[in-house]
Amino acid sequence: MRMAALVRQTMFLSCSHFFVRVIGFVMRIWLSRELGPQAMGLVELAQSAQMLLITPVISGLPAAVSRMSAKSDKPGQVRVLRCGLALALGVSLPLTAAAFCLREPLALWLGDVRTLPALVIYLPCIPILGASCALNGYYYGTGRPVPPALSEILEQIVRFLLCLRLVTGLRGWPMMLRAAIPAAAALVGETIGLLLMLLIALKAIFFSRASGSRRTVLREMIFLALPLTGMKLVHSLMRTVNATLIPARLQLSGLSAAESLSRLGMMNGMMMPVLMMPSFITGSLCMVAAPELTRRQQDGRPLRNLVLRVLGATLGIGAMAMLAVYAAAPLIAQTLYRQAELLPMLRRCCLLVPVLSLNQVTGGMMNGLGLQSASLRISLVSSLLSVLLMYLLAALPALRLWGAILAMACAQLLTLALSGRALLHAIGRRGK
């Protein structure tokens, strides 16, 4: 793929992701104002467990399908798609059943049984997302980003409209049920998005000729997916641990349970989505660059120039977004969220925007080059550092939530240093 085609695909995906992110950002702001920080804390607790549950089917599988599709011919791509769907359902259906049986212990582990409705409603999303991710990997690997983009746009529009209808129509309901509304909206939206992609891929799934041994393709797919799945599981587990650890440590610092839950909602539900806004561009760049790196690696073409250009573009995007967050912080905190405490958090933490952007892109490129094992080791080290610092700092009365933010920042910086070193070492070792 020429650089011009790479840029065109990135721009298309960036536009579609921008539209999706704007809708999601507006929806989150509106939910934060309607539900309040405490209910958003419940939403964040439930979502941390939801992310842990879906990680086995949304992490390593799409990257493996994308990488295998990028280096296969058309009949081989059909075989990869069919095996990807079979593997997704084979993993997700037993996982869904197990999660339903363990729903009450899971809610107790989160530290608040009011998360139970959100957990139960979200469970059917596990197989739905598994199939969607296999299709996403196939489309990106074959250089067809339009179907996933259309699916994501449709899913987000449906999710937003349903949230709007349910929140306004159920104002008098208990907090635990209102906190489950985002999960219900996600279920309906993801279902409709999957149906659209299945309709587009109907010919490839049922009527096209496939080549290659099923056993060989499945073996390679599992081999590629396992390290990345392990890395994402570690990340999701640490996110869940942190989501339960932050309120507990904040209570030890002298805050009440309600105040501690509100602080969690403010950090994860309000601040982090703002800091992650540039990912609609960097995520698009990552999804286009990773399959291209796989193709270049397969063909023996140079890698260094593409990697350095992508990293330079990512740094520039992150720097501009950092300045935008700093300038817009008063508007976001006082006008949109109506939370004055959010202003100093955004002003100080905007320095993390380029770091978060670079981590997203370096991780994607490492997966494109088959460096999943290195990614897993880096994730383990940085996650352990995050939990250790979170445990030590968030309970200090002088720091409290700032201690949790500092722990997160240290882990992100360590991830960037180790990932950048591994990526540059890999392309240097190949001499390309």
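A salt bridge here is a side-chain nitrogen of Lys or Arg within 4 Å of a carboxyl oxygen of Asp or Glu. By that rule the protein has 7 salt bridges.

A word on the basis of these notes: the model is predicted, local features need pLDDT of at least 70, side-chain atom pairs count only at pLDDT 80 or more, and totals for chains, interfaces and linings use all residues. Residues are numbered from 1 along each chain as its sequence is written, and side-chain values use heavy atoms, with hydrogens and water left out.

1. **Overall build.** The protein has 18 helices and 0 strands; these are DSSP runs numbered from the N terminus, with helices being H or I of at least four residues and strands E of at least two. Its C-alpha atoms fill a box of roughly 60 × 40 × 35 Å along the principal axes.

2. **Surface and burial.** Buried residues make up 56% of the 432, where buried means under 20% relative accessible area, exposed means over 50%, and partly exposed lies in between (1.4 Å probe, protein chains only). The protein exposes about 18200 Å², and carbon and sulfur atoms supply 68% of that area. The areas come from the Shrake-Rupley method with a 1.4 Å probe; for residues, only the protein chains shown count as cover.

3. **Contacts along the chain.** A contact means heavy atoms within 4.5 Å. Among contacts between residues at least 6 apart in sequence, 84% join residues at least 24 apart.

4. **The cores.** A nonpolar core is a set of buried Ala, Val, Leu, Ile, Met, Phe, Trp, Tyr and Cys residues joined through side-chain atoms within 4.5 Å. The largest has 60 residues, and Met267, Met271, Leu275, Tyr337, Leu342 and Met345 touch the most other members. Helix H1 (residues 3–58) gives the most to this core, with 10 residues. Setting aside neighbours within four places in sequence, Leu275 is in contact with Val325, Cys349, Cys350, Val353 and Leu356. A second, separate core of 25 residues includes Ala64, Met68, Cys83 and Ala225.

5. **Helix H2 and its arginine.** In H2, 10 of the 11 residues are buried, so this helix is largely enclosed by the rest of the structure. Arg67 is buried yet has no salt bridge, and the nearest side chain of opposite charge, Glu220, is 6.0 Å away. For charge, Lys and Arg count as positive and Asp and Glu as negative, while His and the chain ends are not counted. Beyond four places in sequence, the contacts of Arg67 are Leu224, Thr294, Gln297, Asn367, Gly368, Leu369 and Gly370.

6. **Glu220 and Lys71.** Glu220 does pair with Lys71, in a salt bridge of 2.8 Å, N to O. Lys71 lies in the loop between H2 and helix H3 (74–101) and Glu220 in helix H11 (residues 214–252), so the pair ties together parts that are 149 residues apart in sequence. Both partners are partly exposed: Lys71 at 31% relative accessibility and Glu220 at 28%.

7. **Arg171 and Glu34.** These two side chains meet in a salt bridge of 2.5 Å, N to O. Arg171 is in the loop between helix H7 (146–169) and helix H8 (175–178) while Glu34 is in helix H1, so the pair ties together parts that are 137 residues apart in sequence. Arg171 counts as partly exposed at 49% relative accessibility, and Glu34 is partly exposed at 27%.

8. Glu155, Arg159 and Glu190 are linked in a network of salt bridges. The Arg159–Glu190 bridge is 3.3 Å, N to O. Arg159 lies in H7 and Glu190 in helix H9 (residues 181–200), so this pair ties together parts that are 31 residues apart in sequence. Glu190 is buried, at 15% relative accessibility.

9. Ser132 lies in helix H6 (residues 125–141) and is buried at 6% relative accessibility. Leaving aside neighbours within four places in sequence, Ser132 is in contact with Leu194 and Met197. Val387, in helix H17 (residues 372–393), touches Met238, Val241, Asn242 and Leu245, not counting residues up to four places away in sequence.
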